[in-house]
Structure formats: C-alpha cells, structure tokens
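User: I would like to go through this model term by term, with each label set against its definition.

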Amino acid sequence: MIENLDFLFKRMKASRPVLLLGAGFSYGATSANNTPLLLGKKLSQELHKYFFVEGELSTLDPTMLSEINDKEDDLKEICSYLRLCGKVLERNKFLTAAFKGCKPAPEGFHQKLAKYPWEYIFTLNIDDLVENIYRTAEIPLSVWDASNTTGTNYEHKTNLVKLHGSVNDSKNGYIFDSSEYKDFTIDSNSLLKEFAHQFLQHDLILIGTEFQEDDLQTVLDVYERSGYSKDPFHRFYISPNISTKLKLQIQNSPNNVWIKCDTKTFLDELDKVVFIPLEGKSYLSEKGAVFLEDISRSTPSSFAIYRGFDSIYPDFFRNADILHIDLERWKNDISSSKSHVLMSFYGESYVGKTCFAKRLLVELFYEGYVAFQLNRFDDKIFDLLISYFKSLPEKTRVAIYLDNAAYHYKKLIELKNICPLNIEKLVIISEDTIENHIGKEYLLLDDFGSIPCFITATMNDKYATAIYEKLSRNNRLNKYLQCLPTKMKPFSRKGREVIVKKISGESDIIDALYYSTEGTHFQTHYKRWLDRYSSDEERKLLYELCYLFRLGVISVPSPFVTKLGKQLNKEFCLEIFCKKFSEVVSMSYGWVRLHRGRILNHLIDNDDTPLIKNVLHEAAVYAVPSDERIHTQTTEIFEKVLRVKHMRNSSLLPREEILDLLKGLENNCNHVSYFWVQYGIAAQINEEYEEANNHLLYAHSMRSKSYHVNHALANNELAWGLFLLKNKIGDGNIKFLNGADRMLKIVYNENFSGSYRYSVHSYVRMWLEYAKVTKENLPYETCEVCSNLLESLLDRPLDNMLTTLIKSFIAYCDSNNLKELNFKLKSVYRKREQFHADRGAYDID
C-alpha cells in the first residue's frame, strides 16, 4: 500500500524501527576529493573504463571485450568479470579509494540522520558516510563489520552494521560480484544473521535501494524464508520510484508500505518531528517486555488455558487459573525475605509452571509491585533493566517474570546484587525445565535470597476439588457433564462428587483440564492426529524440534526452522507449518516455540540418530557466537545443543555418537572455548583422555581464568589417572596426583570461591575413589586436608550430595582408624538439608 510520512512517523514514535540503507542514501554525498560519489551505473561504468578500456585488460580478445562492453552498466557483471580476470584485489583497491573519506551532501540533509535515536542501521554501502555523519554529530557509534562482528563498542547505543563490507576494513573484501553474493547467506554471514534477528522484531525502513534492487532482494529473501508476513511489523520503502516488480511484491502484503519520496525529503521531514526520548520502560517494552499496568483489566479470559494453550494475563485477572497450593507460602517467603529474591520455578515441561509463575506475578502486582514479564534476556536487556531501576522513585518494589531462565541464573543473581538502592525489593520469578535447572542449580545453592521451587502437576484431592470449582464457576465443565447419570444435576452434592472423582482419576492437572474441553487426553488426541494428517517430512521436523527440546532449547529463530524444513522438503513454508501444527508450535517475533514438548516426546517411537545429529550440528553452526564474551539470544542455543552432560542424561545419543558430532563441528566452532570444553568432555567419557587433555588445553588457551575450563582440566587428569590405575597401564599415580594438585589449587583460588563446594566435592570424592581402586590407605595428610575442607562446608547450606559425601568420608575414616578427623564432621547427622541437588548439579561442565 502507499502511505504518507505521517503514518511512518507515528510508528517511529511508538517503537524504533530497523533502518536499511542502499546506495541511493549516499546520493548527493561527495568523495574525499570533493567529486560526486559514484553510484549505480556510474560506478559500473567507471570500473569498466578503468580496467577494460584504459587498463591492462583492454588487450583481451576483442570478442570477449565486446561481450564485456555490453555489460558496462551492470555492476555485478563487471565485478564478476574482474574476478575471472584475477583482478579482485585491484578492484577492491579502486573501490576503497572511491568511497573512503565520504562527505555528506553540501545541503546538509544527511546530517539529520543522527537526529533520531536509531538502535540498528544496516547498510549495503561500503562507504564511510554514516560513520562521518555520527563523528561530526559527536554521537558514539558501534560499527559492525567482518573484523568486528559484534561491534566496536558494546556500550554505544547506535549500531551500524556493514553488510557488504567497509572501506575501513578493506582487508576483508567486499560483496559485489556473483561469487561474493553466492556466499552472502544467512548460514555463513553473522552480520546478515543479526539483520534477520533484528528485522523480525521491528519495523523495517528501506532507504535508497533504487540502485540496488538485486541486493535488496537478497536481503528480503530472508524475510520470506522466515514467515515474516505473520508478524505485526511493517516494511517501509522510501523511494521516489520503484520498479514494477517491486510494486507487485509490495502489493502482495498489507505490511509492505511504499512512501513516495527521496532521501532528502525524508530526512528533512524527520528533522521537523519532535521525538520524545525513549525512557527505560519504553526501551524494555520495545524489547518485548509486558507491563501488567498496561494490560486492560476488563479484557475477558478466553479460557484457552483449559485446552492447553498459552495463558494470557486476562486469565489471571479473571481468576480462570488453578491456584497452586503453595501460593500463600511463596508470598510469605517473599515478604519475609530481608533481601532481594530470585524464586526459580522448575519441573517437567507442561506441568503448569508458567501459570503458577504468572499468578505469583499478578499477586505481587496487586500488592503494589511494578510487575512485568521479560520475553527475552541478554546483556543488553540487563543494562536496560539497571537503567530502568535507577529511574524509579525511592522505595519502589519491582517484580519480574522470565521463562526459560535457568541459563541466566548467574546474570539474574548479579542483577539482584547490584540492584540500585532506590529499589526496596526486587523479586525475580524464573521458570524452566528440570533439566535446564539442574545444569545451573549450583549457582543458586550458595546464593542468599535464591529460592528454588519444584513444580509438579500430580493430581490430588485438593487439586481435583479446586479444578471442579473453577470449571463450574466459569461454566466450563464441558465434557465432564457427560460423566453424570441421566437427570443428575452437576451442581448437586452427588453430581459434584461424581465429577470430582473423575477429575481425581486423571494423572495430572493438565490432562484433567484438557479432558474438560476435548473429552480425551492430549497425548491420545495428538498421536491420532499426527498419524492421520501429517506427512513424513513434517513429522521429522517436529521430531527435530523435540530433540532440541530435550536439551532445553524451547524456542529457536524462525530462519533456522525454515532451513531445517527445506532440508526435508524444498517447498517447505514455515507459516503453513505453524498453522497446521498450531496446537504444539507457535511463531512470534521471529522465534518458533515448541509447546507440550514433554508429551510430544512420548510420541516419538524411535530416536533417529542421523536426524538427531543433523539438527544438533545445524543448530550449533547457526548459533555459534563470533565473540563468546558477548551473550546474545542465540548463545544460549549454542551452549545447550553442545552440552555433553545433557545429551547423555536425556539418552539422546550414545557416547560414541556424541564424540563424532563434536568432531564434525571442529572447523566451525574452533574459535569458541566452550566448544573445546565440551569436545574434551566427549573425549573423556569415551576414555580418550589424551585427546580430552588436548581439547581442554585449547579451551584454557582462550579462557585461562575460567572456572569451568580449569575444573574440567583437573577432573580429566584425575579420571585419567584412575583409568590407568584400574587397567594397570602407564603411571596412573602421576596423572592422578597432578590432577589432585590442580584441583586443590582451584579449591584455594579466591577467584573461584563461588564454586567452592563443587571443587571440594570433586577433590574429596576422587580421593575416596582412588582408595577404592588402589585398595590402599590414603596418606594421613591427604585425609586431614579432606577433613578440613569438608568441615568448612558445614557452615554453608547443605544439600544431599554434600551430606552423602561427608558421610562417606566419615565411614572411610571410621574403618581406617582416623576417627579423630570425624569429630566435627559428625554434626552433619544433626543438620537439615536445605536443598536437594541432582547428581548432575555437581557435574560441572
């Protein structure tokens, strides 16, 4: 559709769009020698003249030259000929000289670009016009290019992403010819991947693409592959004229908008508009935060939660949810806490954790908390939260809810610890699966103010009665009415007893609610539906999402799902897939989320090893960070799909296949220390200790101060030594003692004090294992060290893993005449365990 600038500016006031610049944006700018900048056909003609008319390539065969001359107006073709002639470096030198030192148009309209607080500016141009505009305006700019794939300065608010190269990074080349465009894909280009992630969460403004419609199409293909049209965002083409082809493309979607004006007009009008600077809350809302105060309290509940669909806040405002029996205890724990609180809900998937967490958030909202839900979390969101907290009045209470949050425990604890003093109480309600929680639980055990809450959907009489009363009050008894004998009224005492008994017979709360609307259990219903209506390719894609789900990856970028789908079926369409499987798959803001994963995994008859390895390989390659110091939304995916412990615990792959998977990723991931740690662990569990040591040393060379890396190195040497001793090969004593010495240094290292209990646990446990393997008494000095270390833990919150270890050490001492080392340790029998830790919580990886 065609709209005017007012429509665009209205949307720009509500939320910042992403800006994409083409060559036309630079129209009117001048080069370093004050001549007009070469654009479009003029650039192509000058390249042709310089190389094929006046240069050494003018001596080519006349027939070849004739064909080349016919293409002198086609920039991509001329550049492709130059590649074939071996002149790429010379071409790049010409382009660098032509576009370096670019100056804004003398009329001054280019400078107005910096008047708006853009967060992301993507450009297809290699010139340095935008850099010079911001330098003149004295506004910090973080420039992303091939050498700086996460920007030159994380603190700067505006990011300029150079998709086709930069004259300030000429050594990495440019994207101009056919071969370079062929390699310019979302799979291989991290900058284009960043563009894909941003445009799927914002409006997009395209300026000056009239000279580069082929370039533009390359970028827009990302949209079409990502199911963009389903999302509530617009694309604004700002250009005085566009081709018929582009006009037809725009007409195909109501979200495509053509604004008929040139760059100068747009910037001049933009300069006249008063944009109120975004505040902390506005920035968070822009990033997907949902503030409860902004939700209408009069919106009715759809009661879709009874059918297993995502809950919405009107469900809680209208009391449509089932209350957890511990709700009041949770509220008391929060109110009685003298510190900020991190309350982490964890349990199996699809057991009601989200509903219980949202209900708690709503209850805190009723008590006067500033309450909101975060739908994403990364380093930038963290900074926005701190800024927002500082803007709030004194003695403000804040409550935040974040799902799939276990991966972020460390940052959430840091958020508590550095929360500004004007915040009287900060309550962070997190929620995740039991597998994800266990992997990061060690971060909570020694943190004062962290309260883990295990959630189960197991049915009992109290829940059965509560479900009956809720369904009855909302007139949603539905299929349960069919359980009543003829003429028996559902609200009579006997009718109530019949229905409550039927509800009590269900295995869990979720099934009980689903039965009320469908008259069957979801697993039964969906297996029947899959067998009848889904194709083999669709089922395989659903299985791939389930395999990722087992590793804690619940949401993935939509371009990645499209890639998986097209591997199975070239005609795959993500939007159609999501509509067809809407009961278990949803897409929002560029991310595809799997629902009911716990139940769906029961529908997979046999694990398909090649399919599993393919989806994990593709996910790792897609999400591999270019700089692991910066945590983005996809960093979490990378770490989860490579986590060896989870692969083993979920029985996803046997240990030999895990190692093979990691071997196949070495070329793609060898710049990331986390990869080397997991590669080392995979080698270790396959008893390839020499290889494990090699891989872990690579990780150590990248992050020598990392606790995980140092712990893994020490643990590998300990395990290596025990292996040699068990099999009576080599000198296992030397290996083991080296590992023990390394682990003890970690124990005493103050930089690793946050993981003290785990280092002590590993050190003592391995010495006890050593005694079993060698059938020798441990040196007294070693036992004394172990005793002192375990004593130091008695003042800390105890968990079952620690108490079991202490009791094992006591038993060893008792049976080896070392009772004097047990005196203080035996107080463990009188201490209450404050946490239950899974065995995996102590497998530091």
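User: Which are the buried residues of helix 6 (residues 129–137)?

Analyst: They are Leu129, Val130, Glu131, Asn132, Ile133 and Tyr134. Buried means under 20% relative accessible area, with exposed set at over 50% and partly exposed in between, for a 1.4 Å probe and protein chains only. Helices (H or I, at least four residues) and strands (E, at least two) are DSSP runs, numbered from the N terminus. This is a predicted model, in which local features need pLDDT of at least 70, side-chain atom pairs count only at pLDDT 80 or more, and totals for chains, interfaces and linings use all residues. Residues are numbered from 1 along each chain as its sequence is written, and side-chain values use heavy atoms, with hydrogens and water left out.

User: What do the buried residues of helix 6 pack against, and what follows helix 6?

Analyst: They pack against strand 1 (18–21), strand 2 (120–123), strand 3 and strand 4 (158–162); contact here means heavy atoms within 4.5 Å. Helix 6 is followed by Glu138, whose phi is positive, near 60°.

User: What makes strand 3 (141–144) and strand 7 (256–259) edge strands?

Analyst: The sheet is an open one of seven strands in the order 3-4-2-1-5-6-7, with parallel pairing. Strand 3 and strand 7 each pair on one side only, and they are the edge strands. Neighbouring strands of this sheet are turned by 20° against each other on average, direction ignored.

User: How do you know that strand 5 (residues 204–207) and strand 6 (residues 235–238) pair?

Analyst: Two strands pair if DSSP finds at least two bridges between them, and strand 5 and strand 6 are joined over four bridges in the parallel sense. Within this pairing, Leu206 stands opposite Tyr237 in strand 6.

User: Why is Val427 called buried?

Analyst: Val427 has 0% relative accessibility, and therefore counts as buried. Val427 belongs to strand 12 (residues 423–433) and, not counting residues up to four places away in sequence, touches Ile334, Val341, Leu364, Tyr369, Val398, Ala399 and Ile400.

User: Why does Arg550 count as buried?

Analyst: Arg550 counts as buried because its relative accessibility is 18%. Arg550 lies in helix 24 (residues 536–550) and, leaving aside neighbours within four places in sequence, is in contact with Asn601, Ile604, Asp607, Ser650, Ser651 and Leu652.

User: Why is helix 24 described as largely enclosed by the rest of the structure?

Analyst: The description holds because 12 of the 15 residues of helix 24 are buried, among them Glu538, Leu541, Tyr543 and Phe549. Just after helix 24, Gly552 takes a positive phi of about 90°.

User: What span does helix 24 reach from its first C-alpha to its last?

Analyst: Helix 24 reaches 21 Å over its 15 residues, close to the 21 Å expected at 1.5 Å a residue; the expected span is 1.5 Å times one less than the number of residues.

User: Which residues touch the most other members of the largest nonpolar core?

Analyst: A nonpolar core is a set of buried Ala, Val, Leu, Ile, Met, Phe, Trp, Tyr and Cys residues joined through side-chain atoms within 4.5 Å. Of the 72 residues in the largest one, Val585, Leu616, Phe638 and Phe675 touch the most other members. Apart from this core lies another, of 57 residues, including Phe51 and Phe275.

Notes. Axes are lines fitted to C-alpha atoms, for helices over the stretch in contact, and angles run from 0 to 180 degrees between N-to-C directions.
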